[in-house]
Each structure stands twice: as C-alpha cells, then as structure tokens.
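User: I would like to go through the terms applied to this model one at a time, with each value set against its definition.

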Amino acid sequence: MNTVAAKGLIFDLDGTLVDSHRAVEQAWARWCDRHGIPLSDVLAICHGVRSEETIRRLAPQLDVAAEAAWLEVVERSLNDSVTAIPGARELLCSLPDYGWAICTSGSLPLSIPKLDRNELPLPRIRVTAEQVTRGKPDPEPYLLAARLLGMAAQDCLVFEDAPAGIASALAAGCRVVIVGGCRHEHERVLGNIPDYRQVGYHNGRLNLPV
C-alpha cells in the first residue's frame, strides 16, 4: 500500500467509475449494423474517445453530428446495464467537494444518468465532450479539468482505464492510476488497481494498493 499526495483528483467516467462496456458496445453494434461497418473496427478505437471522432475516422462521408446524436440516444436506452465500479461510491463520497472532477469523452446528458442511476455524487467540475475542441488522446480535456479545479496539471492525479485517456492525461502532465487491466509503462503511471475497494482518502492523501 502506497500513500500518494494529490491536490486534485480527476476521474474518467466510462470504464473508470462505471462499467458501461456492455451499453457502449451494444450501441456501437447497432450503429455498425446500420452502416455495414465491422464492429471490430469500431472496438479497436472507440474506448475513451468521443463518438464524433470515431465516426469521423471510420465513416467521414456521413453526417457526423447526426450519427453521434443517434448513437447517444441508443446508448442512453441501454443505461440499465451500467453499474458502478466497486468502491467508487464510497471513495467519491469521502472526497472534498472542491478537490475532484470528472473528465469524460461522453456528453453531459449521457453522463449524468450514469452517475445518478448508481448513486454516485456529481462533482462541481465536469468536463464533457461538448466543452473541448479536441478530445482524448489530446491533452485538452485534462488541461481544462485541471484549470477548472484551479490547479496545475502536474498537481492532479488522474484515474483512467483506456489508452486514449491515459495518453491524454500524460500529455497534459498529470500522474495516472490505471483502473482495470490496461498496461502502460511511464514514470508518471503509478500503477494499476482493479477497483476502489482498497483505495482510501484522508487530508489530501490517497492510500493506493499499487
């Protein structure tokens, strides 16, 4: 168990605070059936990335905004399958209101129900897809989250699960804890955790099983 000081904590949402893989992949599967695109092509690039950017890469001939809106409606209809990562609720409820944020590639209307349904607290600072010009893996989302927290990115610790999000946080200058099985070797990646059941917070310091 290691103790880590962090002025600010920033959490990705999908795959990090909630397990939404089933809903996300089912929504993309329906989109792929609609357009005759192999689902494997989407799954290779979609996790942690804004849907607009995935669509633009795979089907730039389509109306990207309209397709992303269609996909969001489908995914919202599947929210019943979204569950909280074990220990997430307890950890978030122990954090001071002013010291943490969510930084997600999903839209605000898509994200809020995932938090509400799982009784996860809503932070004051939320960076969602609508607020950035360039999504993950660009550093813009995490730079914005740190700025809204009133902190330098170097003083923030990010919890992420997807390669695009990890790359975004590192490019911004944050330290990273990876949630789940993704592996990334970097001096600012502190390690991997399976969930939050052994993570504790007290007075600006985290106890991490890494």
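User: What makes β9 count as mostly covered?

Analyst: This is a predicted model, in which local features need pLDDT of at least 70, side-chain atom pairs count only at pLDDT 80 or more, and totals for chains, interfaces and linings use all residues. Residues are numbered from 1 along each chain as its sequence is written, and side-chain values use heavy atoms, with hydrogens and water left out. Of the 5 residues of β9, 4 are buried, where buried means under 20% relative accessible area, exposed means over 50%, and partly exposed lies in between (1.4 Å probe, protein chains only).

User: How do you know which strand pairs with β9, and in which sense?

Analyst: Two strands pair if DSSP finds at least two bridges between them. Strand β8 (residues 175-179) and β9 have 4 bridges in the parallel sense, so the pair meets the rule of at least two. Within this pairing, Val-176 is the residue that stands opposite Val-189 in β9.

User: Why do β6 and β9 stand at the edges of their sheet?

Analyst: The sheet is open, with 6 strands in the order β6-β5-β2-β7-β8-β9 and parallel pairing. Both β6 (125-127) and β9 have a single partner strand, so one side of each lacks a neighbour in the sheet. From one strand to the next the twist averages 20°, with axes taken as lines fitted to C-alpha atoms (for helices over the stretch in contact) and angles running from 0 to 180 degrees between N-to-C directions.

User: What makes β1 and β10 edge strands?

Analyst: These strands belong to an open sheet of 3 strands, ordered β1-β11-β10 with antiparallel pairing. Both β1 (2-5) and β10 (200-202) pair on one side only, and this puts them at the edges. The twist here averages 25° from one strand to the next. Between β10 and strand β11 (residues 205-208) there are 3 antiparallel bridges, and Gly-200 faces Asn-207 of β11.

User: How do you know what kind of aromatic pair Phe-159 and Tyr-196 form?

Analyst: With 5.8 Å from centre to centre and 55° between the planes, Phe-159 and Tyr-196 are a tilted pair. Phe-159 sits in strand β7 and Tyr-196 in the loop between β9 (189-193) and β10, so the pair ties together parts 37 residues apart in sequence. Phe-159 is buried because its relative accessible area is 0%, and Tyr-196 is buried because its value is 2%. Phe-11, Trp-100, Phe-159 and Tyr-196 together form one aromatic cluster.

User: What makes the charged end of Arg-34 sit over the ring of Trp-70?

Analyst: A charge sits over a ring if NZ of Lys or CZ of Arg is within 6 Å of the ring centre and within 35 degrees of the ring normal. The charged end of Arg-34 lies 4.3 Å from the centre of the Trp-70 ring and is counted as sitting over it.

User: How do you know which residues are closest to the centre of the largest pocket?

Analyst: On a 1 Å grid over the protein atoms alone, a pocket is an open set of points with protein on both sides within 12 Å along at least five of seven lines, a cavity is a set where a 1.4 Å probe fits but cannot get out, and lining residues have an atom within 4 Å of a point. The largest pocket is lined by 29 residues, and the closest to its centre are Asp-14, Val-49, Glu-75, Ser-105 and Gly-106. About 440 Å³ of space lies in this pocket, a volume being the space filled by probe spheres set on grid points that are joined across faces, edges and corners. The structure also holds 1 cavity of 30 Å³ or more, and the largest cavity has a volume of about 40 Å³.

Definitions and conventions. Helices (H or I, at least four residues) and strands (E, at least two) are DSSP runs, numbered from the N terminus. Rings of Phe, Tyr and Trp (its six-membered ring) pair if their centres lie within 6.5 Å; planes under 30 degrees apart count as stacked, over 60 as edge-to-face and the rest as tilted.
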